[in-house]
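Welcome to a short tour of one protein structure. Keep the view open as you read, and turn to each place as it comes up.

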Amino acid sequence: GAEVNRATMFFTIGEFDKAMDSYQKVLPIYLELKDTLRYAKVVMNIGLIYWNWNKNDLALEKQLEAKSLLEKKKDFVELARVNNNIGRLYYQDLKDTTKALEYYEKSLEIRQNLGSQDGMAVVLSNIGNIYSDKKQFKTAFEYYNKALALSETIGFKEGAAMASYYMGISHQKNKNYTESNRFLDACLKIS
């Protein structure tokens with residue numbers, strides 16, 4: 001309990017060495033207690049620390065380990081999260097958009113089944129980013145518009161700001177500067 005809270009606090013403020021120390025202390029305890037769910041969450045967080053340290057192979061290894069454990073425990077909330085993490089890793093750092101899309105779609109499906117609308121909005125924007133990078137702007141805007149509409153419907157300001165920002169950037173990439181400015185201005189008004 002307390003050690004995990006310390007680790008989370010350290011992680012949140014960017015003290016990754018201290019967070020890792022705390023997470024490493026609780027892993028054997030959760031293993032001994034056969035608390036697979038808490039163990040999996042700690043492994044996932046350790047993976048995020050490795051990612052922050054730019055140790056992407058270790059980050060992916062830990063995320064995949066957590067995913068396997070979460071599948072066995074059928075914890076769909078955390079499974080959606082870990083799939084999104086893996087998608088982000090493949091997209092942002094490992095530069096494999098096919099794999100990224102595969103994991104984002106898994107995350108999206110789980111979030112749809114759970115009714116997690118804010119989570120769906122985040123993943124829809126993530127998918128839009130892949131299509132924007134591929135210069136498939138029409139498809140990218142479809143995902144961003146879904147994310148924006150969903151975010152506005154549920155009052156999820158961060159999601160609306162994120163979708164507006166990405167739409168602005170994508171319009172800029174597509175040399176449509178008027179629309180780019182419109183969405184970037186909208187983003188500023190939201191945040």
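Phe76, Val77 and Leu114 make up a nonpolar patch on the surface of this predicted model, and their accessible area together is about 270 Å². Val77 belongs to helix H5, which covers residues 76-93. With a relative accessible area of 53%, Val77 is exposed.

Apart from neighbours within four places in sequence, Glu78 touches Lys41, Met44 and Leu70.

**Salt bridges**

Glu78 has a charged partner as well. Side chains of opposite charge can pair when their charged atoms come close. In the case of Glu78, the partner is Arg81, and the closest N and O atoms are 2.7 Å apart. Both residues sit in helix H5, three residues apart, which is about one turn of the helix. Arg81 is partly exposed, at a relative accessible area of 30%.

How many salt bridges does a search of the whole structure find? The count is nine. The table shows some of them, including the one just described.

| Salt bridge | N to O distance |
|---|---|
| Arg38 and Asp35 | 3.2 Å |
| Lys62 and Glu65 | 3.5 Å |
| Glu78 and Arg81 | 2.7 Å |

Lys62 and Glu65 share helix H4, residues 56-73, and they too are three residues apart, about one turn of the helix. Lys62 counts as buried at 19% relative accessibility, while Glu65 is partly exposed with a relative accessible area of 27%.

**Aromatic rings**

Now look for the rings. With ring centres lying within 6.5 Å as the test for a pair, the count comes to eight aromatic pairs. One of them joins Phe11 and Phe16 edge-to-face, with 5.3 Å from centre to centre and 65 degrees between the planes. Phe11 is partly exposed, at a relative accessible area of 23%. Phe16, at 19% relative accessibility, counts as buried.

Tyr144 and Tyr166 form a stacked pair, with 6.1 Å from centre to centre and 25 degrees between the planes. Where do the two partners lie? Tyr144 is in helix H8 (residues 137-154) and Tyr166 is in helix H9 (residues 157-173), so the pair ties together parts that are 22 residues apart in sequence. Tyr144 is buried at 1% relative accessibility, whereas Tyr166 is partly exposed with a relative accessible area of 22%. Both tyrosines belong to one aromatic cluster, formed by Phe137, Phe141, Tyr144, Tyr165 and Tyr166.

**Two lysines in loops**

Next, visit two places in the loops. Lys34 lies in the loop between H2 and helix H3 (36-52). Its phi is near 55 degrees, a positive value in a residue other than glycine. Lys34 is exposed, with a relative accessible area of 69%.

Lys135 is found in the loop between helix H7 (117-133) and H8. The phi of Lys135 is near 65 degrees, again a positive value in a residue other than glycine. At 58% relative accessibility, Lys135 counts as exposed.

**Distances across the model**

Asp21 sits in helix H2, residues 16-32, and counts as partly exposed at 47% relative accessibility. How far apart in space are Asp21 and Lys189, C-alpha to C-alpha? They are 40 Å apart in space and 168 residues apart in sequence.

Glu102 has its place in helix H6, residues 97-114. At 30% relative accessibility, Glu102 counts as partly exposed. From Glu102 to Phe156 the C-alpha atoms are 25 Å apart in space, and the two residues are 54 residues apart in sequence.

Terms used
Residues are numbered from 1 along each chain as its sequence is written. This is a predicted model: local features need pLDDT of at least 70, side-chain atom pairs count only at pLDDT 80 or more; totals for chains, interfaces and linings use all residues. Side-chain values use heavy atoms; hydrogens and water are left out. Rings of Phe, Tyr and Trp (its six-membered ring) pair if their centres lie within 6.5 Å; planes under 30 degrees apart count as stacked, over 60 as edge-to-face and the rest as tilted. Buried means under 20% relative accessible area, exposed over 50%, partly exposed in between (1.4 Å probe, protein chains only). Helices (H or I, at least four residues) and strands (E, at least two) are DSSP runs, numbered from the N terminus. Patches are made of residues with over 30% relative accessible area and no salt bridge: like charges are joined within 9 Å, nonpolar side chains (Val, Leu, Ile, Met, Phe, Trp, Tyr) within 5 Å. Accessible areas come from the Shrake-Rupley method with a 1.4 Å probe; for residues, only the protein chains shown count as cover. A salt bridge is a side-chain nitrogen of Lys or Arg within 4 Å of a carboxyl oxygen of Asp or Glu. Contact means heavy atoms within 4.5 Å.
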